[in-house]
Amino acid sequence: MTSFTVSRRWFMRSAAGAAAVATLPGITPMAAAATANRGASVKPAPVSDTVLRWLDGKAPARFEGATLGVPWPRGTLRASAKGALPFHLGGAAGLAVQSWPLAYWPDGSIKWSAHAVAAGAPASEWQLASGAGRGAVADAVSVQQSASLITVTVGDTIWSVPTSGEYLIASARRAGRIIVQDVRLLALRQDGPELEEVGSVGRQRYTSKITRVTVEQSGPVRATVKIDGVHAGQGREWLPFSVRLYWYAGGQSVRIVHSFVFDGDAKTDFIAGLAVSAKVPLSDATHDRHIRFAGEGITIGETGGVWGEAVRPVTGLRRDPGQAYRSAQVAGQPLPPLAGMAKPVQDGLQWIPEWGDFTLSQLSPDGFVLRKRTQSGQAWIDANAGARSRGLAYVGGAAGGVALGLRDFWQRAPTRLDVRNAAGAMADITAWLYSPSAPPLDMRPYRAANGMDTHDKQIAGLNITYEDYEEGWDSATGVARTSELQLWALDATPSHQVLADMAEQVANPARLVLAPARIHQCAVFGDWDVVDTGTPGRKLLEQRLAVQTDQYLREVEQHRWYGFWNYGDVMHAYDADRHMWRYDIGGYAWDNSELSTDLWLWYSYLRSGRADLFRLAEAMTRH
């Protein structure tokens, strides 16, 4: 860390000032200080100029569908009398678009439109063109609703969402067979903090209780269902939540966006675990059942950073079953008829252990451990380990299975992925947003009032530690967190490479975006400009802005600004004497968007189109 004194207020003031100057081409800083931009005219952009590109600069290996917003100059675009917005993707045959207005200019023309793009084979870039599509939407989304059930159909998959009870999704069927069922939320409450030496604590389990279900969109490209509820159990209801489920035409998955609010007593309600869990019916023989976990984001041959084994393995035995059997099991395919297997292995299959339980635990952003056991009551054994898992697990067989992934898995550590009862008729797969393997979330204030029981004493404390304390201001009530997950209902076990592509979709969702210049044309978001190094003065300013944003990106990694509550936040100011950020000096610690850091990050992305800035700004939005 460079040894220099950085004031948070100085940093934001200088960054904002540089950004303001950068909006004025060819104007020196001194002239800029006396110049006000009073709203230059913007040439309207024709609809045909709207090119969609990928945030990361290249098409993803797998695309599960996405939605983006598109701004329009005043007077350029108007909806039909029925509010319809017909668009299609030029040069992208087979991928449909669903469009709708988001905001309007004072003259009634459209200011922002939203566009949902179907899942499918992605192109390097697309043109968003006006006019109706080229026919029916392939594997379209349709929604049917009754008083007790909402049915969402995507291709040959039927998802059932009940309007009451504990399940977010009752089942998903393919070809008449249930692939996944009983999708619900879990919460673990602990009645005290972690034990220091002696004593005891108790844990209770709560499950989701649905209070309201709303269909927000019903296809044909995107369907959205919002579910509101609470966690219920032990005669109590707490931790209210909102969950949105998103389906896209052509997709095999549902995107789950989960938000909850803490409303407990910080002194007695310690969150020991939060999860999304599902049940997976299994009918294949245990040697044809497979477990997959995504490891680190590297590709070695065909493995793609994926760990995979069978519930009853036939590889590595003292007796060789034959190459065809070993190859099929490693690939996740059904074994050839057992009559052709080597006789010693065929006769001894019953003695090969069936591994029913698997856990990938990411307790820190720098390490995960994968363990397995045969069943409850037996010892766990270590299977593998690594640094940063991409957060995807799979359980299933030749007849189909389920993959469940949690975004920002290692960044939000402690997290965990579980598979249980894989040797039985009904397996469980669970993504822990907060891992029960870690100490519980402690929502208590980090210090007592320290005698600040009058306004004068509180002012005195503020003058020393820059912490604006008053009674009740240190309460955690109302703090919230948003998480994103993806759940696939698959008709067969995916190959290692396909599952690696799915894991990348979870960890780094494919984003369709517009070029900064296309957004700037529309005169939205106030007074700003795209990155421009065309003059010596602007080049100097752009370099200074890049140094500041890059420094914060480095600090996130260097000082491990990760964790359930921390990821997405940044620190206020640096203590050059300790060579540490002032994490323990009251209001100098976590920023929590003070001085509009979120706006700074989003404007930095708007100006540059940089993917790393987008993700830091997005993480702060989810914080």
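Four strands of this predicted model form an open sheet in the order E3-E6-E1-E27, with antiparallel pairing. Strands here are DSSP runs of E with at least two residues, numbered from the N terminus, and two of them pair if DSSP finds at least two bridges between them. The edges of the sheet are E3 and strand E27 (512-513), each of which pairs on one side only.

Residues are numbered from 1 along each chain as its sequence is written. The model being predicted, local features need pLDDT of at least 70, side-chain atom pairs count only at pLDDT 80 or more, and totals for chains, interfaces and linings use all residues, while side-chain values use heavy atoms, with hydrogens and water left out.

Phenylalanine 87 has serine 130 in E6 as its bridge partner.

A three-stranded open sheet has the order E2-E5-E4, and its pairing is antiparallel. Strand E2 (66-71) and strand E4 (97-104) are its edge strands, each pairing on one side only. On average, neighbouring strands of this sheet are turned by 20 degrees against each other, direction ignored; the axes are lines fitted to C-alpha atoms, and angles run from 0 to 180 degrees between N-to-C directions.

| Strand pair | Sense | Bridges |
|---|---|---|
| E1 (residues 51-54) and E6 (residues 125-130) | antiparallel | three bridges |
| E3 (residues 87-90) and E6 | antiparallel | four bridges |
| E2 and E5 (residues 110-117) | antiparallel | six bridges |
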